[in-house]
Amino acid sequence: YRPARETFHTATKTTSVNRCPNRPALARLAAPTSLLLAMSAVIGCGSADDKADEGGKRSFTVAAAGDILIHPQLTDQAIADAKAAGRDGIDFGRIMAGVKPVISKADLAICHLEPVLGEPDGPFESYPNFLVPPQIADTIKDIGYDTCSTASNHTLDHGEAGVKRTLDVLDKAGVKHTGSFRSREEAATPLVLDVKGVKVAQLSFAFGFNGRELPRDKPWMVNQNSFDRIAAAERTARKAGAEVVILSIHWGREQQTEPTIPQLKLARRIAEETGIDLVLGHHAHVVQPMEKVNGTWIAYGLGNQVARHDVPNGLTEEGIIGWFEFTERSGGWDAEARYAPTLVEIPPDPEDPAAPEIRDARGVTAHRLLDVAAALRAEKGLTEERRPRLRLAFDRVRGTMLNRGAAKDGLKPLHDLPD
């Protein structure tokens, strides 16, 4: 439980977010019908909110997922999917369709867009200087995301022009954003969203930019981690009327499932010395634990939402959608935390001599992002080789989520596995 901070109202740009009506559009994404029906059945619309609303308390839900990082194999898949549908171009919709029932159900859905967006026809680049198809922004919107954090170690991969283009594309797609900025005025204006009548602010910070420096005359272009800057940003958001403040932060060490000591220390300062209500961690590309510190949920690392690293190691394909139910209590806000394990299924490498046999055995023919529990409930297409992989992802994520004692604070899966 976090007591409310005193708020002072100043002029700011506030956006209204209206969620559940998006759900009837599920059929537009070509996931298997049985899978979408199963996910719809277990999620519904607003059931978690109705329980709190009955008591006369304001409440809202937040869904937040890990890194969106488009590698060449995903672009190739999006081209193939568009072609299979009889269209030219690039379409990431089928890749990400599996998480739409969860994301679109939340009152506020937050993504983390790590790379720079390029021109529609390319050229595109991968690591170390990402430049990816801007068509991903339309999919982000269609999946149900309202806003994206854009401060990451890759934000400056293509300089000021890349920052501007990325934000312009998100604007055109109708996706809000924060963390990187086109002007001093934009940087000074907190992002405050009206979520079911509650003013919710999103902050976004990153530890650094892979050796690149912010322009001397434009130090405001991307938010860089420091406790003092984060605390100041929260104060600014509160003065702009924010009742709840959510921090997206790019931090930690890649491929490490445990938070680093600097992560732990910064998390505690944020929880103990600011009024920030929720911390969402990114960058590690693998799932890290959640922990409740001084009444604040810290998600150290949400893993990858969608990515396809050159050398997949099993962990980089796994991620979570964090699910947080905020309820107003005695002038403050309490959050219950849940998580939905996700998995990016990867087809066999066509250069593997055994690819046809592996593909036939696993039944995986394309890159697809799955809600693991929903896929297991749907059952359709689950071979004897595929089902254990999904259960492994669920169990491994559950173990990671709980290894800093979060079970005592009520952390559990959004949906359990079928018997």
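Visitor: How do the residues of the lining of the largest cavity divide into nonpolar, polar and charged?

Guide: Happy to show you. This is a predicted model, where local features need pLDDT of at least 70, side-chain atom pairs count only at pLDDT 80 or more, and totals for chains, interfaces and linings use all residues. Residues are numbered from 1 along each chain as its sequence is written, and side-chain values use heavy atoms, with hydrogens and water left out.

The lining divides into four nonpolar, six polar and one charged residue (Ala, Val, Leu, Ile, Met, Phe, Trp, Tyr, Cys and Pro count as nonpolar, Asp, Glu, Lys and Arg as charged, the others, Gly among them, as polar). Among the lining residues are Glu-114, Val-116, His-154 and Ser-180. Helix α7, residues 159–173, gives the largest share, three residues (helices are DSSP runs of H or I, at least four residues; strands are runs of E, at least two).

The space inside is about 60 Å³, and a search of the whole structure finds one cavity of 30 Å³ or more (on a 1 Å grid over the protein atoms alone, a cavity is a set of points where a 1.4 Å probe fits but cannot get out, and lining residues have an atom within 4 Å of a point; a volume is the space filled by probe spheres set on the points, joined across faces, edges and corners).

Now look at His-154, in the loop between β6 (147–149) and α7. His-154 has a relative accessible area of 3%, so it is buried (under 20%, with a 1.4 Å probe and protein chains only). The side chains of His-154 and Asp-157 are joined by a polar contact of 2.8 Å (N or O atoms within 3.5 Å, one able to donate a hydrogen and the other to accept it).

Key. 1 Å grid on protein atoms, 1.4 Å probe; cavity = no way out; pocket = protein on both sides within 12 Å on 5 of 7 lines; lining within 4 Å. Buried < 20%, exposed > 50% of the residue type's maximum accessible area, 1.4 Å probe, protein only.
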